[in-house]
Amino acid sequence: MLLIGSHVGYKKDTQLLGSLEEALSYGSNTFMFYTGAPQNTMRTPIDNSITEKAIAKMNQLNIDYSKVIVHAPYIINLANNLDINKYQFSINFLKEEISRCEQLKIKYLVLHPGSHVGLGTSVGIKNIIDALNQILVDTSVTILLETMAGKGSEIGVTFHELKKIITGVNSKKNIGVCLDTCHLNDAGYDVKNFDQLLDYFDEIIGIDFIKCIHINDSKNECNSHKDRHENIGFGTIGYEPLIDIIYNKRLENIPKILETPYVGAKAPYKLEIEMIKNKKFDPKLKEKLSN
Ligand code: FE
Ligand code: FE
Ligand code: ZN
């Protein structure tokens, strides 16, 4: 069964129930959320009664909650330890984030591996491994390292970098990968030949490590190292290749999450999900949203 959704909001009053309702309004059967604002680390306490209501509703609707994703805030950086206080803050925040996921009964937490900011890739990777080995102790949560576009000094741009991190992590059951189609394209991988790319990923890391895939078109050419998402079918990857990825049999049970940009003030997800389910590109999608 196709598992399709988008990233959705998470508000302190409505929490998981609000996120679920937003996802349902788009026609989704899965979703991803941040436990607060993605760009900061302010977090409010979780109300278990709201979580229980949301899970009960998902059970009624046959939504597999074990595949709903949390994304860690992107200011967390495990790769640079020049400012030891900032490094320690990132580690502590992620430990708390894992506790929040446990309280929410969430299994998968997506993480940007980090940016080395001048320390070099191998030192950056070592810092990430050291941090993850402090964080991934005695937990039911699996951290999914996201494939990155290669903006600035990002780590996790090549499969070999991700492989090095995974090799260094002691608890293999707590580590996985989240592919991002825009990031893969911008990193220089040919997502238009996705089966070949999956073969290559399988050779380096192993396809079973993939637990989530972010579906985004890209505003920039392959190998641009830019990371600017575009709506499905409106970028350099294009509608057909993205449909091929979404319906690829080898990733059938993996949640597909849209992180495409709003058009004006409007979320594109309802229309994009329709366009994915219909398997028919709608060239008027942006026009419809700007009216
Ligand atoms: Fe991300
Ligand atoms: Fe992403
Ligand atoms: Zn991105």
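This is a predicted model: local features need pLDDT of at least 70, side-chain atom pairs count only at pLDDT 80 or more; totals for chains, interfaces and linings use all residues.
**Entry 1: the iron site**

I began with the iron ion (ligand 2) and listed its donors. Glu 146 (OE), Asp 180 (OD), His 214 (ND1) and Glu 259 (OE) coordinate the ion, at 2.0 to 2.2 Å. I then looked at the geometry. The angles among the four donor atoms run from 83 to 172°, and the site is irregular. Next I checked the neighbouring metal. Glu 146 bridges the iron ion (ligand 2) and the iron ion (ligand 1). The two ions lie 3.3 Å apart.

**Entry 2: donors along the chain**

I wrote the donor spacing for ligand 2 as E-x33-D-x33-H-x44-E. Asp 180 and Glu 259 link distant parts of the chain, 79 residues apart. I placed Asp 180 in strand 8 (residues 175-180). Glu 259 sits in the loop between strand 12 (256-258) and helix 9 (269-278).

**Entry 3: helix 5 and helix 7**

I turned to helix 5 (residues 159-168) and helix 7 (residues 194-204). Their axes come within 10 Å and cross at roughly 30°. Angles under 35 degrees count as roughly parallel, so helix 5 is roughly parallel to helix 7. The crossing is right-handed.

Which residues meet here? From helix 5 I listed Phe 159, His 160 and Lys 163. They meet Leu 197, Tyr 200, Phe 201 and Ile 204 in helix 7.

Definitions and conventions: Residues are numbered from 1 along each chain as its sequence is written. Chains are lettered from A and ligands numbered from 1 in the order in which they are written. Side-chain values use heavy atoms; hydrogens and water are left out. Donors are N, O and S atoms within 2.8 Å of the metal (3.2 Å for Na, K and Ca); water is not among the atoms, so sites may look incomplete. Four donors count as tetrahedral if all angles lie between 85 and 135 degrees; four count as square planar and six as octahedral if opposite donors are over 155 degrees apart and all others between 65 and 115; anything else is irregular. Helices (H or I, at least four residues) and strands (E, at least two) are DSSP runs, numbered from the N terminus. Axes are lines fitted to C-alpha atoms, for helices over the stretch in contact, and angles run from 0 to 180 degrees between N-to-C directions. Angles under 35 degrees count as roughly parallel, over 145 as roughly antiparallel, 65 to 115 as roughly perpendicular and the rest as oblique. A crossing is left-handed if the near helix is turned anticlockwise from the far one by less than a right angle, and right-handed if clockwise. Contact means heavy atoms within 4.5 Å.
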